[in-house]
Structures are given as C-alpha cells and as structure tokens.
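Let's take a look at this one together.

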Amino acid sequence: MNKIETGKGQELYLEAKKVIPGGTQLLSKRPEMFLPDLWPAYYSKAKGCKIWDLDGREYTDVSYMGIGANVLGYANEEVDGAAKKAIENGGMSTLNAPEEVYLAQELLRLHPWAEGVRYAKAGGDAMALASRIARAYTRKDIILFCGYHGWHDWYLSANLSNKNALNDQHIAGLEPLGVPSGLAGTNLPFHYNNIEEFYALMEKHEGNIAAVVMEPIRNDYPADGFLEKIREETRRTGVVLVFDEITAGFRLCAGGSHKALGIEPDIAVFAKGMTNGYPLSAIVGRKEVMEASQGTFISSTFYTERVAFAATLKSIELYQKYRVWEKQNEYGEMVQEGWKEKAEKNGLKIEVGGIKPLGHFTILGKENGLVYKTFFVQEMLKRGYISSNAFYTSYAHSPEVIEGYLENVDAVFKMIVDINARGKDVEAYLEGPVCHSGFGRLN
Ligand SMILES: Cc1ncc(COP(=O)(O)O)c(C=O)c1O
C-alpha cells in the first residue's frame with residue numbers, strides 16, 4: 001500500500017499548535033478529528049466541492065462542506081459577487097447597512113409566524129442571544145435543552161451539576177471550567193424523542209422555566225408527535241420554544257426545518273445553513289418575545305457588518321431559485337443507500353443515521369469504531385477524498401461525484417473486511433494515531 005506523504009499543511013499545523021492553544025478555532029476542524037499527523041490540515045483554495053491543500057493537491061470534499069456552512073458549494077460566484085460588491089461600496093460605516101433590513105424582511109417572509117429579527121455572527125452567539133431573550137421575556141432562569149447549541153456559559157453550565165450531562169448531547173470531555181458555578185441547575189438536558197423525560201422536567205421545574213431549546217430534527221425523525229407535544233406543553237405553560245436551525249435549517253426546505261415538520265416555534269435561530277460560508281447568524285421570533293431584546297442589552301459593532309448580510313441575501317435567493325433542498329435530499333439518499341449497499345455487498349456491518357442531507361455511518365466490528373473510521377479516512381485521502389464517516393450534501397455535488405465516491409467506499413470497505421477476515425487488525429494498517437472523538441488538550 002502506498003503511504004500518505006505529509007506536506008506543508010502538517011508542517012504549518014505543528015507551528016499552529018505552538019501559537020494557537022488547541023490548534024484551531026473549531027473542534028470539528030482539528031486534524032486530529034480526521035487523521036492525526038497526516039491530515040492536509042489547511043487549504044489554499046476551495047471551489048465547488050473541490051479543495052486544494054498547501055501543496056496544490058486536489059481533493060473532493062465528501063465530508064462536511066465547510067462544517068455545514070457551504071450549502072451551495074465553495075466560492076459560489078454569485079454569492080461572492082454580492083460580497084465583493086458590498087466590499088467595494090464599503091463593508092462598514094457609521095450608518096447602517098440596508099441589507100440588514102432586506103434580509104430581516106426576507107427571513108420574515110420565509111417564516112410568516114415571526115415578526116422580529118436580531119443578528120449575531122456565529123451560531124453559538126445567536127443561541128446565547130436567544131437564551132438571553134427568552135429569559136428576559138419570561139423573567140425565569142431555567143432552560144431545558146436537547147442537543148448541541150454552542151460553547152457559551154448558558155450551555156456549558158449543564159455540566160456543572162452533572163459532569164456527564166453533555167456526553168450524549170454533544171461530546172464527552174467538556175469541563176465547565178470558567179463557567180460561574182452559580183449557573184448550576186440553570187440548563188437541564190432531555191433526550192430527543194423521550195417525551196416522558198421532558199414532561200418530568202417540565203413538571204419538576206414548573207413556574208421556573210424560561211425556554212425549551214432544541215433542534216427540531218437532526219439524527220432522527222420526530223416520533224409519536226414528539227414536537228407537537230412539546231409545542232403544546234410549552235404553549236400551555238408560557239415557556240418560549242426555541243428551535244436551533246443552525247445546521248438543520250435550509251436543508252429540508254427554504255428556511256427552517258420546522259416548516260417541513262409543520263411546527264412553529266417562538267424563536268428560530270439560523271446561521272451557517274443560510275450564509276454559504278459568510279459569518280452571520282439570525283434570531284427570528286414572535287413579536288412579543290423579540291421585543292424583550294429591547295429591555296436587555298445586546299449590542300455589538302460587528303453585528304452590523306455589511307458583507308455577510310449581502311452574501312446571505314444572495315445565498316438565500318439562490319437556494320430558492322435552484323430549489324437546493326431537492327438536490328441535498330436526492331444526493332443524501334444516494335449516499336445513505338450507497339453506504340448500505342456497499343456494506344452489505346462486502347459483508348461489513350454498519351449503522352447509518354442522520355437526515356438525508358446530513359448523513360453519517362458507523363462501522364461495527366471487532367475493533368474500536370474510531371480505528372475503522374481512521375482507516376477509512378486514511379484510505380479515502382489516498383484516493384483524493386476529504387472524507388469522514390459523515391457526508392453533508394451540497395448543490396456543488398453531483399450524481400457523478402457521488403457515484404465516484406461510492407466506488408471508492410466500496411473498495412475501502414472491502415479492504416477492511418479482507419484485513420479482519422485474514423485475522424489481522426485494521427489498527428496495524430494505520431499510518432498514524434487513531435482519530436479523536438471528542439474534546440481534550442492537544443499538548
Ligand atoms: C445545532 C447547532 N447549534 C449551534 C452550533 C454552533 O454554531 P457555531 O459553530 O456557528 O457557533 C452548531 C454548530 O455546529 C450546531 O450544529
């Protein structure tokens with residue numbers, strides 16, 4: 001087997017770890033999450049679904065497409081054209097950017113149940129803002145949450161009263177260091193599709209709950225009227241229902257996934273799904289709830305920056321023009337069915353999950369799942385793919401790209417089965433360490 005030759009990317013990453021604690025700004029972009037010591041790590045150029053590393057080697061991205069931020073594909077000319085025009089006319093001034101208003105109007109047109117919009121830059125910021133608004137509106141402290149919603153104090157505080165609270169909501173190993181201990185008990189987890197657990201928490205903390213914060217959909221489809229029941233209970237008790245649409249939004253339809261699921265929240269939060277890579281997030285909500293943002297201080301210079309507004313407006317326009325959700329779902333189905341078919345053909349056991357545009361799989365066998373994942377990523381890299389055990393589909397993918405990808409998946413699945421069938425361990429064929437699954441110190 002030919003071995004991976006590392007290049008300038010790994011060299012730079014070693015330098016990065018000397019000056020950037022943790023190496024990168026986003027855990028999901030840490031090379032250790034893919035292929036420790038061997039990952040190309042940095043890109044010189046990205047276009048469509050292609051990425052070029054610092055040595056000019058070309059890859060096809062069949063993993064996360066900008067960690068879910070590039071629904072239309074990389075360097076989309078029309079979106080970037082709108083951004084360039086905004087730059088040419090001044091990305092910042094003492095007066096406000098008109099696109100801020102146009103985008104609010106468009107988001108409200110797409111979500112007729114809502115009447116107010118505020119903005120932030122990152123998804124996590126917007127979730128912190130939504131939590132603040134919900135607490136300000138209800139004058140209550142407790143939040144019940146399900147899933148991942150960013151790095152901020154309100155969220156991480158879940159691990160203060162139970163250090164494992166976030167293990168199965170996000171990832172293991174999240175110490176709430178630096179989060180004031182006084183926040184203990186203010187953010188309590190429940191699990192998706194477990195309505196009894198939800199009801200029990202609602203009852204136990206009745207009268208003290210500000211909000212229920214959750215993704216309407218991510219890995220599983222709602223079962224037995226789960227969302228309807230949550231909507232009914234939050235409405236009955238005056239608790240603000242916040243849907244985090246940061247990743248699920250603009251995947252199933254134009255706007256929040258809640259539209260496709262037929263449930264209207266009180267606040268919906270959007271970010272990377274709508275911007276095609278530009279930094280912007282939006283908190284969209286019912287009038288009376290959003291009015292509470294006038295009573296609590298939320299204000300930031302860069303929340304007014306123009307380029308991301310202009311790019312996002314264009315991104316949402318194109319998303320609708322090309323009915324991008326149809327492609328995301330069509331390609332997602334191809335990918336998920338392809339994984340299953342190739343696994344069955346080779347006699348490999350896998351589990352497939354996630355909604356079609358955000359699919360993922362786990363290889364089951366006698367070795368640790370992370371060993372198989374690392375081997376898969378390693379062998380796919382040699383074949384020119386930036387891969388993981390997930391595939392976020394985009395408009396820049398195509399049936400041809402997916403067919404080519406699946407042919408290579410077939411070959412790598414076969415290698416795994418052959419190695420184990422010979423009584424050998426796949427781990428012995430790893431050219432570097434096993435990939436990481438969660439958060440931790442790097443050095
Ligand atoms: C559901 C959800 N909420 C919040 C976030 C945090 O968004 P950001 O990384 O932009 O801060 C993410 C990011 O992956 C997400 O998927």
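Q: How many helices and strands does the protein chain have?
A: Keep in mind that this is a predicted model. Going by its secondary structure, the protein chain has 15 helices and 14 strands.

Q: Why can the protein chain be called as compact as a globular protein of its length?
A: For 443 residues, the globule rule gives 22 Å. The protein chain is close to that, so it counts as compact as a globular protein of that length, with a radius of gyration of 22 Å.

Q: What share of the residues of the protein chain count as buried?
A: The C-alpha atoms fill a box of roughly 65 × 55 × 45 Å along the principal axes. Of the 443 residues in the protein chain, the buried share is 47%.

Q: At what angle do the axes of H3 and H12 cross?
A: H3 covers residues 99-110 and H12 covers residues 306-321, and their axes come within 9 Å. H3 passes H12 in a left-handed crossing. Residues in contact include Leu103 in H3 and Phe309 in H12. As for the angle, the axes cross at roughly 35 degrees.

Q: Which helix gives the most to the shell around the ligand?
A: The ligand is surrounded by 13 residues, with Ala122, Gly123, Gly124, Ile246 and Thr247 the closest. By class, that shell has five nonpolar, five polar and three charged residues. The top contributor gives three residues and spans residues 123-138: helix H4.

Key: Residues numbered from 1 in each chain as written. Predicted model: local features only at pLDDT ≥ 70, side-chain atom pairs only at ≥ 80, totals over all residues. Helix = DSSP H or I, 4+ residues; strand = E, 2+ residues; numbered from the N terminus. Rg over C-alpha atoms; globule rule 2.2 N^0.38 Å. Buried ≥ 20, exposed ≤ 12 C-beta atoms within 10 Å, placed from the backbone. Axes fitted to C-alpha atoms, helices over the stretch in contact; angles between N-to-C directions. Left-handed = near helix turned anticlockwise from the far one by under 90°. Contact = placed C-beta atoms within 7 Å. Near = placed C-beta within 6 Å. Nonpolar A, V, L, I, M, F, W, Y, C, P; charged D, E, K, R; others polar.
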